[in-house]
Amino acid sequence: MNGDSPSPAQKANEQYRQIITDMLQELNQVLDDHVVVKIARGVPGLTVADTGQVEAIEGDPQAVVQGVVDQFVSLSNKVVVKTLQPLLRQCPWIKVPGVS
């Protein structure tokens with residue numbers, strides 16, 4: 001057995017790093033790359049380079065993936081609210097919970 005061969009855990013960690021990097025690249029299609037990196041850096045256990053490349057995952061990689069998803073879902077809700085607020089304020093008879 002070659003001493004340089006990655007262990008199954010290292011291979012799995014690399015797969016998680018790659019999928020999160022891919023997720024961040026997809027998000028760059030709709031958000032500024034600096035915003036994507038800043039938000040991703042707020043996810044516990046995730047280290048992201050300025051380029052958006054995932055450098056390291058610490059702890060449970062599944063929890064880190066979930067953290068990334070949660071952060072961006074939360075952001076998208078805020079983006080939708082901020083986008084719709086001015087329009088809905090023009091129509092005060094329309095009541096939408098969470099958008100006022």
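1. Asp 50 is exposed, with a relative accessible area of 62%, where exposed stands for over 50%, buried for under 20% and partly exposed for what lies in between (1.4 Å probe, protein chains only). Asp 50 forms a salt bridge with Arg 41, and the closest N and O atoms of this pair are 2.6 Å apart; Arg 41 is partly exposed at a relative accessible area of 41%. A salt bridge is here a side-chain nitrogen of Lys or Arg within 4 Å of a carboxyl oxygen of Asp or Glu, and by this rule the count comes to 2.

2. The model is predicted, so local features need pLDDT of at least 70 and side-chain atom pairs count only at pLDDT 80 or more, whereas totals for chains, interfaces and linings use all residues. Residues are numbered from 1 along each chain as its sequence is written, and side-chain values use heavy atoms, with hydrogens and water left out.

3. The salt bridge between Arg 17 and Glu 14 has its closest N and O atoms 2.5 Å apart. These two residues stand 3 residues apart in helix H1, and are therefore separated by about one helical turn; helices (H or I, at least four residues) and strands (E, at least two) are DSSP runs, numbered from the N terminus. Arg 17 is partly exposed, at 24% relative accessible area, and Glu 14 is partly exposed as well, at 35%.

4. In helix H2, which covers residues 33–40, the buried residues are Val 36, Val 37, Ile 39 and Ala 40. Viewed down the axis of H2, these buried residues fall within an arc of 165 degrees, so they line one face of the helix; the arc is taken over the directions from the helix axis to the C-beta atoms. They pack against helix H1 (8–27), strand S1 (46–48) and helix H3 (61–89), contact meaning heavy atoms within 4.5 Å. On the other side of H2, His 34 and Lys 38 are exposed.

5. At the start of H2, a side-chain oxygen of Asp 32 comes to within 3.0 Å of the backbone nitrogen of His 34.

6. Val 80, Leu 84 and Leu 87 make a nonpolar surface patch of about 250 Å²; patches consist of residues with over 30% relative accessible area and no salt bridge, nonpolar side chains (Val, Leu, Ile, Met, Phe, Trp, Tyr) being joined within 5 Å and like charges within 9 Å. Leu 84 is placed in helix H3 and, at 34% relative accessibility, counts as partly exposed.

How values were computed: Polar contact = N/O pair within 3.5 Å; in protein donor to acceptor, adjacent residues only side chain to side chain. Areas by Shrake-Rupley, 256 points an atom, 1.4 Å probe, with all protein chains shown as cover.
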